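Hi,

Here is the structure I promised to pass on. Have a look at it first, and then read on for what turned up when I went through it.

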Amino acid sequence: MTSVVVLDEQVAAVSPNDQRFPHSARGLPGLGPVWVAGPLDVLAGDKTGFFCSSQCPGGVVLKVFDVIAAMRDEGRTVIGGFHSPMEWECLGILLRGRQPVIWVPARSIVGMHLKPEVQPAFSGGRLLIVSPFEPKHKRVTAALAETRNRFVGALADRLFVAHAAPGSRTMTLCEELHAHGKKIVTVSDPANLAMERFAAAL
């Protein structure tokens, strides 16, 4: 039976004045320190952000699994909140590789219990857990999730968006990030036609 891992002494606060603070996040309004647990040096490398709306069409799912598995096998570092069901499934695929993964929960990580699925990668030094939220934020909320997604978007060098439902917050964020020059890719599927206005189809 896997013992419970509670993040406490593993967590360090990194202030905006610290040279290790992610440069691309310095311009985010209201952002103070970030809290990290794991291999902080991973933040300095190339990162692909990953988003998916909470509801992912069936035709998209297998295509996305293939892309995520390919990223894993190529050794790419993927960063995301891994909160929606599809995102969590993809985290499981990524954690079966050897490359680093960056997880950004939409809550404080101080005192957070790690699920058994992520413990081997964390103890093996492959999983970096990052949060821009103070210890008082113990529960995920829609507002925190939106802030988290902007944080992920700022840190990522490019974005892979499995699916963004028309009119969703994910779609709005993607449109904003694209307008600011962020490269976005998605999988080719009729359900993603709205995204293909600004995202390159794989």
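Which elements do the buried residues of helix 2 pack against? Keep in mind that this is a predicted model. The buried residues of helix 2 pack against strand 4 (48-51), helix 1, strand 5 (78-80), strand 6 and helix 3. If you want to find them, the buried residues in question are Met86, Glu87, Cys90, Leu91, Ile93, Leu94 and Leu95.

In general, strands of a sheet pair through backbone hydrogen bonds, either parallel or antiparallel.

Strand 2 and strand 3 run antiparallel and are joined by 3 bridges, with Ala13 having Trp35 in strand 3 as its bridge partner. Strand 3 then pairs with strand 8, again antiparallel, over 3 bridges, and there Val36 stands opposite Val130 in strand 8. Strand 8 and strand 6 run parallel, joined by 3 bridges; here Trp103 has Ile129 in strand 8 as its bridge partner.

Strand 3 is worth a zoom. Val34 and Val36 point one way from it, Trp35 and Ala37 point the other way, and all are buried.

On to the inside. The largest nonpolar core has 35 residues, and those with the most contacts inside it are Leu7, Phe50, Val64, Ile68, Ile129 and Phe160. Strand 3 (34-37), helix 1 (58-74), helix 2 (85-95), strand 6 (101-103), helix 3 (119-123) and strand 8 (127-131) each supply at least two residues of this core. Helix 1 gives the largest share, with 7 residues. There is also a second, separate core of 29 residues, which includes Val14, Val152, Leu155 and Leu173.

What about the aromatics? A search of the whole structure finds 3 aromatic pairs. The rings of Phe50 and Phe82 have centres 6.4 Å apart and planes at 40°, so this pair is tilted. Phe50 lies in strand 4 and Phe82 in the loop between strand 5 and helix 2, so the pair ties together parts 32 residues apart in sequence. Phe82 counts as buried because its relative accessibility is 3%, and Phe50 counts as buried because its own is 1%.

Phe50 also pairs with Phe160: the ring centres are 5.7 Å apart and the planes are at 15°, so this pair is stacked. It links distant parts of the chain, with Phe50 in strand 4 and Phe160 in strand 9 (residues 158-161), 110 residues apart. Phe160 is buried, as is Phe50. Together, Phe50, Phe82 and Phe160 form one aromatic cluster. Leaving aside residues up to four places away in sequence, Phe160 touches a list of residues that includes Phe50, Val64, Ile68, Met71, Val187 and Leu202.

One last thing to look up: the charged end of Lys115 sits over the ring of Trp88, 4.8 Å from its centre.

Cheers

Methods:
Residues numbered from 1 in each chain as written. Predicted model: local features only at pLDDT ≥ 70, side-chain atom pairs only at ≥ 80, totals over all residues. Heavy atoms only, no water. Core = buried A, V, L, I, M, F, W, Y, C linked by side-chain atoms within 4.5 Å. Buried < 20%, exposed > 50% of the residue type's maximum accessible area, 1.4 Å probe, protein only. Helix = DSSP H or I, 4+ residues; strand = E, 2+ residues; numbered from the N terminus. Contact = heavy atoms within 4.5 Å. Phe/Tyr/Trp six-rings, centres within 6.5 Å; stacked < 30°, edge-to-face > 60°. Lys NZ or Arg CZ within 6 Å of the ring centre and 35° of its normal. Pairing = 2+ DSSP bridges.
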